[in-house]
Amino acid sequence: MTSMDQVQIAGVPWPLYKLVALVLGLVVFGVVGLVTANAAPAVLVAAGTSTVIWLAFGLRRPRR
């Protein structure tokens, strides 16, 4: 992993794909929450989306 693939948060390097997964989860949460006007489906769909993206990009990442 190169330094371009990492972001410093409170002095700890985070892989960029993790931040992308979290941001996309927040976007999905907002969209589903607005469409359904109900928190339960928004939370479940956002958590599922974030998890799938996090795992997919994590598995694609080359190991050290």
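This is a predicted model: local features need pLDDT of at least 70, side-chain atom pairs count only at pLDDT 80 or more; totals for chains, interfaces and linings use all residues.
Me: Where is Ala37 found?
Reply: In the loop between H1 and H2.

Me: What about the phi of Ala37?
Reply: Positive, about 55°. Ala37 is not a glycine.

Me: OK, the helices. At what angle do the axes of H1 and H2 cross?
Reply: Roughly 155°. The two axes come within 8 Å. H2 covers residues 39-60, and H1 covers residues 16-36.

Me: Left-handed or right-handed crossing?
Reply: The H1 and H2 crossing is right-handed.

Me: Switching to the surface. Which residues form the nonpolar patch?
Reply: Val23, Val27, Val31 and Val35. Together they have about 370 Å² of accessible area.

Me: And Val35, which helix does it lie in?
Reply: Val35 lies in H1.

Me: How exposed is Val35?
Reply: Its relative accessible area is 68%. Val35 therefore counts as exposed, since the cut-off is over 50%.

Me: Now Ala10. Where is that one found?
Reply: Ala10 is in the loop between strand E1 (6-9) and strand E2 (12-15).

Me: What is the phi of Ala10?
Reply: Near 55°. That is a positive value in a residue other than glycine.

Me: Is Ala10 buried or exposed?
Reply: Exposed, at 80% relative accessibility.

Technical notes. Residues are numbered from 1 along each chain as its sequence is written. Side-chain values use heavy atoms; hydrogens and water are left out. Patches are made of residues with over 30% relative accessible area and no salt bridge: like charges are joined within 9 Å, nonpolar side chains (Val, Leu, Ile, Met, Phe, Trp, Tyr) within 5 Å. Accessible areas come from the Shrake-Rupley method with a 1.4 Å probe; for residues, only the protein chains shown count as cover. A salt bridge is a side-chain nitrogen of Lys or Arg within 4 Å of a carboxyl oxygen of Asp or Glu. Helices (H or I, at least four residues) and strands (E, at least two) are DSSP runs, numbered from the N terminus. Buried means under 20% relative accessible area, exposed over 50%, partly exposed in between (1.4 Å probe, protein chains only). Axes are lines fitted to C-alpha atoms, for helices over the stretch in contact, and angles run from 0 to 180 degrees between N-to-C directions. A crossing is left-handed if the near helix is turned anticlockwise from the far one by less than a right angle, and right-handed if clockwise.
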